[in-house]
Amino acid sequence: MTELLQRVLPTVQKPARYTGGEYNEIKKDPDGARVRVAFCFPDTYEIGMSNVGMRILYGVMNEMEGVWCERVFAPWGDMEEAMRKHNIPLWALESQTPVKDFDMIAFTIGYEMCYTNILNMLNLAGVPLHSKERTSLKNIVFAGGVCAFNPEPLADFVDFFALGEGEEITPEILSLYDRAKAENWTKDKFLAEVSKIPGIYVPSFYEHTYNNDGTIAQIVPKYGAPKTVQKRIVENLDTAYFPTKMIVSSTEIVHDRANLEVFRGCIRGCRFCQAGFSCRPVRKKRADVLYRQAVETLENSGHNEITLSSLSTSDYRQLKELTDELIPYCRGNKINLSVPSLRADNFSRELMEKLQTLRKSGLTFAPEAGTQRLRDVINKNLTEDEILATCQNAFSGGWSNVKLYFMLGLPTETDEDVLGIAELVYKVIQTWKEHASNKKRGLRVHVATAYFVPKPHTPFQWEKQITPEEYIRRCRLLKSHFYSKSIEYNYHEPDLSRLEAVMARGDRRLGPVIEEAVRRGAMLDGWDEYFNYSTWLDAFAACSIDPDFYTVRGYGEDEVLPWDTIDVGITKRFLQCERDKAYDGLITPDCRHGCSGCGANSLLKEVACDA
Amino acid sequence: MPRLLFEKTGNAVWISHLDLMRVFQRAFKRAGLPLTHTQGFNPRPSVSIALPLSVGTQSHCELLDFDLDGESVSCDEICNRLNSALIDGVRVLQVYEAGRKLRDLALMQCTVTLGYDNPLTDGAGELLQKLFASQQLIVPKKTKNGVQDQDIIPMIRNLSVRQLSEKELEISALICCQNPTLNPMQMVVAIEMYLPQLKPDHSRCCRMDLFDNNEEIFR
């Protein structure tokens, strides 16, 4: 740690997030490290250290002989200011080495509104922003994560993207780089070779041309690059690498606990959900493997809490076997077991009761839409009866806190659907009045509405986003129908969701906009403290880009989509068919009631889809 | 209740008091030393640290009280097992079966290092020494109820100054650490107010040892 940094640390908030030195941090001899990777998370330490994907890939890379992967996070504003004032370049936590001295700079990108952080971090590191300005093999910038499923807004800045799950592809990339460095390849040769690894997308190998109306005319692959790049997956999760020696932060982070992923993919097919489609096919982990990993992780970390995570944990077939073993272990060791993402079914209710003896948490539902009609449109097969039955159970068991999440602006939504939310909330309150075991405590119903953002690789990828004005009108309409004092209603501000919608379905013309926004001071957009909408509007204006083109316009089904190059395993035909069914108000049963033919099982060679 | 003496040095000085409690709770767990838990709605592992240490301050004399659940383990064993489960910069020096009552803790030996960007002029140390030999030194103290003036002289038992290098001075002082409490950094505030020519460009503090009112080492 430099003397300068030692002098800066007392002046910033939470300095422990900048020093490294946590338990289980991996340090290696720099002389033995032929490939050094700066693994950047484009948000703060507290967010990044909570990310399971980053923990897995940190372990995967450091398992490799000759590779040393270190962590880098975005500094908070006070630290950034100090860094700029004292000319301290962005550094990696393990060795305090400046990022610009690393061979490779990797980003994991899970959220569209962190794009400015990526540029800002490169900027703070003193690394040129544009891919074409970085001409040597040093400082190769690559990225992965869900946002790589439409990587076009970042095409100018990132040398290549690794699509899908990283456990297998990452070592392939690093091994190739190791060879390239030893043999002194040019960057061009490295990019040409790396593009041959399945799952690698090199944006500079594709030429985008546009029609007069602004839509994409065609995407032409060059240098023998494939027409589409298919994402990678790990077929067998039981044997896949899992880091049981997790880094234990010395300072509090957002998810300050052990985290165990029970399966990947989702059988549900909610039509708005990107993860639900792009993370398919469904692959499970065996309960005995999970139990072993849970115990190892807890013993190695000393955590007093563990979470079972997945997109829908009730759909894990061995949930009973796993929790039957885990609950006694956790109770004996005073460990809190939390199981979020449970559905409102019978077994989940029993399980909730069992977990309650350890510690009580809130009750949260995401019906997403207020009427059964609209829930059928979005294929969210959660019924009012299920919600009310679970509430009844919970209220009679002494719970008095419910959270309900909805979206406004879903396709086909009418005012009747909006008011359906108020009706549903009213029924929850009635249920409480009839069944609460202790009415003195009072009831709190938190209702939140989000502004629907259409995402790529979903049946709604072509949909219009409603205007911010219309969204606010619907929020107010809803608010005017909440009469009870028990209700606390929050609605998301539309600004951030509008930008998220632009980035999610954006094309290469957004690169200059992001750059301009960063130049005008945009950073940490995901944080209220820093998000500044007018900075963005100015940046769009300066670049003569109309955000509405990406939001309220909607995309044509025959239009070339910016993400057409990316294949997540789901066929376009299936998405179109799901969209048609949505408009007809027809549900698609979950995958366990018969395969709906999304196409993702074609990604599997060794095992069958576990749906 | 058993007590342990530990030091906090290096990068660990940036860990806050609350975070350090969690660091220890997890280290006990990793070391296979289960802690008893507090009773109540939200049971917490029972560890408590005597005098919360400010972020950025080093210490060689931190005291932590804890209570183990289950079979008894020797003090040396606890010490060894904890040290192999702790992070760099936090090290257990000794474990005691039981500690003295905390209310007998009265004094602390500490050092404050003053760093300057430019070389010091001759006699800087003497000037400092003279400042702290004053009859009184009124320094504003931030409290929950706003800012209050505080005379720091009665809380300094003895004090010496030495020059470490051409850009560094070190104050070594025995000060009150409980009823009343003097935050050592208040001495730096006094310098800024009454000896502005020796206002340091940076400073750091280190706790050396703890004593009772008779200047006997406190454990």
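The legends below describe close-up views of a predicted model.

Residues count from 1 along each chain as its sequence is written, chains are lettered from A and ligands numbered from 1 in the order in which they are written. Local features need pLDDT of at least 70 and side-chain atom pairs count only at pLDDT 80 or more, while totals for chains, interfaces and linings use all residues.

**View 1. Helices H5 and H17 of chain A cross at roughly 65°.**
H5(A) covers residues 115-125 and H17(A) covers residues 511-519. Helices are DSSP runs of H or I with at least four residues, strands are runs of E with at least two, and both are numbered from the N terminus. The two axes come within 9 Å. Axes are lines fitted to C-alpha atoms, for helices over the stretch in contact; angles run from 0 to 180 degrees between N-to-C directions. From H5(A), A:Tyr115, A:Thr116, A:Leu119, A:Asn120 and A:Asn123 take part. They meet A:Ile514, A:Glu515, A:Ala517 and A:Val518 of H17(A). Contact requires C-beta atoms, placed from the backbone, to lie within 7 Å. By class, this contact has five nonpolar, three polar and one charged residue. Nonpolar means Ala, Val, Leu, Ile, Met, Phe, Trp, Tyr, Cys and Pro; charged means Asp, Glu, Lys and Arg; the others, Gly among them, are polar.

**View 2. H17(A) has buried residues covered by other helices.**
Buried here are A:Gly511, A:Val513, A:Ile514, A:Glu515, A:Ala517 and A:Val518. A buried residue has 20 or more other C-beta atoms within 10 Å of its own, an exposed one has 12 or fewer, and a partly exposed one lies in between, with C-beta atoms placed from the backbone. The cover includes H5 and helix H18 (533-542) of chain A. A:Gly521 follows H17(A), with a positive phi near 100°.

**View 3. A three-stranded open sheet in chain A has parallel pairing.**
The strand order is E10-E13-E14. Strands pair if DSSP finds at least two bridges between them. E10 (258-261) and E14 (336-338) are the edge strands, each pairing on one side only. Neighbouring strands are turned by 20° against each other on average, direction ignored. Three bridges join E13(A), residues 305-309, to E14(A). A:Ile306 stands opposite A:Leu337 of E14(A). Helix H9 (residues 287-301) of chain A packs on the sheet and touches E10 and E13. The direction of H9 makes about 165° with that of E10(A).

**View 4. Chain B meets chain A through 18 residues from each chain.**
Helix H1 (residues 17-30) of chain B gives the most to the chain B side, with six residues. That side has seven nonpolar, six polar and five charged residues.

**View 5. Chain B is assigned two domains.**
Domain 1 spans 3-99 and domain 2 spans 104-212; these bounds come from an automatic or database domain assignment. Their centres, taken over C-alpha atoms, are 29 Å apart. Eight residues of domain 1 and nine residues of domain 2 make the contact. The domain 1 side has three nonpolar, five polar and no charged residues. Chain B as a whole has four helices and ten strands. Of its 219 residues, 31% count as buried. Its C-alpha atoms fill a box of roughly 60 × 35 × 30 Å along the principal axes. Among chain B contacts between residues at least 6 apart in sequence, 72% join residues at least 24 apart.

Key
Two residues are in contact if their C-beta atoms, placed from the backbone, lie within 7 Å.
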